[in-house]
Amino acid sequence: MLWKRSIILCLLLAGFALAEGFALYIHGSPSMTLSNDWFNYVNQFPSPEAGFSIEIPTNTVFTIRAEGTYVMLPAGGVLEEGFAIYGTIGGIIKNNLTSATQINIGPQLIIGQVTAKGRYRSTNYGEEEDYSIDFDGSGMGVGLGIVAGLRFAVTGHLRIGANLSANYFGVANDEVPIVGFNYDDPSEGQTSGTYRYNGEYTALSLRLVL
């Protein structure tokens with residue numbers, strides 16, 4: 001549902017963007033996930049991401065910026081499949097270096113979600129129990145980011161460039177479902193339950209923008 005909310009937010013912002021200077025950008029890039037938690041023991045990088053952003057001018061030095069981004073987490077290690085999706089809103093400051101070159105930078109407020117599915121091996125220390133744990137769940141939270149980039153004017157309405165984006169948001173879910181299988185006694189059958197998860201998503205992305 002988060003991606004729907006992000007799209008609705010961006011469309012609402014676009015509805016107010018009747019002033020000159022309104023802009024819509026698309027971006028794509030490799031993204032390097034830097035945190036552990038959901039991605040612990042994941043050995044496939046980078047994570048491809050794509051998204052769009054809307055920029056709305058104001059009467060101040062800041063331009064309002066809203067973004068929606070999808071990140072595909074490649075399978076590897078304990079992860080069978082997964083993705084992250086987040087929306088941001090914030091302000092950027094633009095500075096024209098030349099008539100055709102512009103630099104921009106600004107902070108962003110993030111609401112994000114991570115969904116992951118896979119299996120890891122868990123040993124209860126102090127006990128002789130060795131379990132294979134299947135996990136399949138999602139968590140969401142809020143955080144902060146910053147985006148900075150360089151753009152070049154190709155035509156009166158077309159811009160190309162690159163952005164460096166750093167994003168962080170918490171990931172929490174009070175009831176993540178898990179299923180366990182005892183390695184030592186396969187005849188025991190499976191056990192299921194939930195656990196309370198709190199973690200984080202941290203990523204650095206080098207984006208091409210259009």
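1. Basis. The model is predicted, so that local features need pLDDT of at least 70 and side-chain atom pairs count only at pLDDT 80 or more, while totals for chains, interfaces and linings use all residues. Residues are numbered from 1 along each chain as its sequence is written, and side-chain values use heavy atoms, with hydrogens and water left out.

2. Overall make-up. The protein chain contains one helix and eight strands, where helices (H or I, at least four residues) and strands (E, at least two) are DSSP runs numbered from the N terminus. Along the sequence the pattern is α-β-β-β-β-β-β-β-β. Of the 210 residues, 40% are buried, a class that means under 20% relative accessible area, with exposed over 50% and partly exposed in between (1.4 Å probe, protein chains only). Among the contacts with a separation of 6 or more, 65% are between residues 24 or more positions apart, contact meaning heavy atoms within 4.5 Å.

3. Strand 1 (residues 23-33) and strand 2 (residues 47-57) run antiparallel and are joined by nine bridges; two strands pair if DSSP finds at least two bridges between them. Isoleucine 26 has phenylalanine 52 of strand 2 as its bridge partner. Strand 2 also pairs with strand 3 (residues 62-73), in the antiparallel sense and over nine bridges, with alanine 66 in strand 3 as the bridge partner of isoleucine 54. A hairpin of four residues links strand 2 to strand 3.

4. Surface. A nonpolar surface patch, whose members include Ile26, Phe152 and Leu210, has about 730 Å² of accessible area together; patches take residues with over 30% relative accessible area and no salt bridge, joining nonpolar side chains (Val, Leu, Ile, Met, Phe, Trp, Tyr) within 5 Å and like charges within 9 Å. A salt bridge is a side-chain nitrogen of Lys or Arg within 4 Å of a carboxyl oxygen of Asp or Glu. Phenylalanine 152 lies in strand 6 (residues 129-153) and counts as partly exposed because its relative accessibility is 38%.

5. Glycine 180. This residue belongs to strand 7 (residues 159-182) and is buried, since its relative accessible area is 5%. Its C-alpha atom is separated by 5.5 Å from that of serine 132, which is 48 residues apart along the chain. Neighbours within four places in sequence left aside, glycine 180 is in contact with Tyr131, Ser132, Ile133, Gly189, Gln190 and Thr191.

Notes: Accessible areas come from the Shrake-Rupley method with a 1.4 Å probe; for residues, only the protein chains shown count as cover.
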